[in-house]
Amino acid sequence: MAKLITVINNKGGVGKTTIACHLAFASGEAGKRTLLCDFDTQGNAGQFLTKDLQITKRRGGSEQLFEQAELQYTPAWVDNIQLLHGHGYLQELDSRGDELSELAIQKRGEIRKLPFDYVIFDTPPALGPRQTAPLFWSDLAVVIVEPQLTSLTGMADVFKNIQDARKRNPSLQVQVVINRYTKASSSQKKVRAELEQKFGKMIVGEFTTRVAVSDALANYQPVWRFAKDKKLNAAWKDFSGRVLGL
Ligand SMILES: Nc1ncnc2c1ncn2[C@@H]1O[C@H](COP(=O)(O)OP(=O)(O)OP(=O)(O)O)[C@@H](O)[C@H]1O
Ligand SMILES: [Mg+2]
């Protein structure tokens, strides 16, 4: 059976796509059959994993999970990774509201039996069925948080969604990742301490803002194949292995 992981936060720009892609790269490199499913209309994960910047203009991606036909995957440019990409038309799913949520619940068994070792969902920075559906299906929600004052209230909303999803998916586990931490910022330091107190052992990783991280994906690579800093590379690789349980 596949392990299904949803990378999530209602807040934009915190590093969901960055982390979803790194989990996929690590899983693919470990020889695991990997599916990255992108529910964000921005579709950046699909761009990074296929080197095709136009992929976001094409249908035939993650919306297929709500259809009857046999799934057509797009292969990533690296081994072992298949994609159900994100694209602008995914927005059409949002108007289906409750009907889509019901369909997501019905499809749970089928999706959990997909022929992969890992299925990783990248999600949009907003509430809605494209965020809720993968929470119904997943074993693990990985919440990415940037340690800023406003993050704390945002986290309450994310955890409410997770609690709601647990009514349908009681075994859903949660992990938290602090990302884009700026050590020199006294306010971020304070928020980080609060996050640590609140989430404790749920925190499975912490990353400072490093240019090599964004540059790596802009070169279609994970950090550990791109950056020269061994410590940084090991941190990203170890973290990915930890979340995947490799
Ligand atoms: N640890 C990091 N160090 C440096 N840059 C980072 C780091 N994490 C993410 N970034 C950069 O921050 C920006 C936002 O990251 P990303 O796109 O992964 O966030 P997101 O949560 O998926 O955003 P959205 O909500 O818009 O989908 C990107 O330019 C990314 O390269
Ligand atoms: Mg994103």
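1. Helices (H or I, at least four residues) and strands (E, at least two) are DSSP runs, numbered from the N terminus. The protein has ten helices and eight strands. This is a predicted model, in which local features need pLDDT of at least 70, side-chain atom pairs count only at pLDDT 80 or more, and totals for chains, interfaces and linings use all residues. Residues are numbered from 1 along each chain as its sequence is written, chains are lettered from A and ligands numbered from 1 in the order in which they are written, and side-chain values use heavy atoms, with hydrogens and water left out.

2. Overall size fits a simple rule. A compact globule of 246 residues would have a radius of gyration near 18 Å, and the protein's 17 Å agrees. That radius is taken over C-alpha atoms; the rule is 2.2 Å times the number of residues to the power 0.38.

3. Now the ligand. Around ligand 1 are 18 residues, and K16, T17, T18, R180 and R210 come nearest. A residue counts as near if one of its heavy atoms lies within 4 Å. The shell holds four nonpolar, ten polar and four charged residues; Gly counts as polar, and Asp, Glu, Lys and Arg as charged.

4. Backbone contacts come next. Oxygen atoms of ligand 1 lie 3.0 Å from a polar backbone atom of G13 and 2.8 Å from one of T17. A nitrogen atom of ligand 1 is 2.9 Å from a polar backbone atom of R210. The elements giving two or more residues to the shell are α1 (16-29), β7 (173-181) and α8 (211-218). α1 gives the most, with three residues.

Methods: A polar contact is a pair of N or O atoms within 3.5 Å; within protein, one must be able to donate a hydrogen and the other to accept it, and residues adjacent in sequence count only if both atoms are side-chain atoms.
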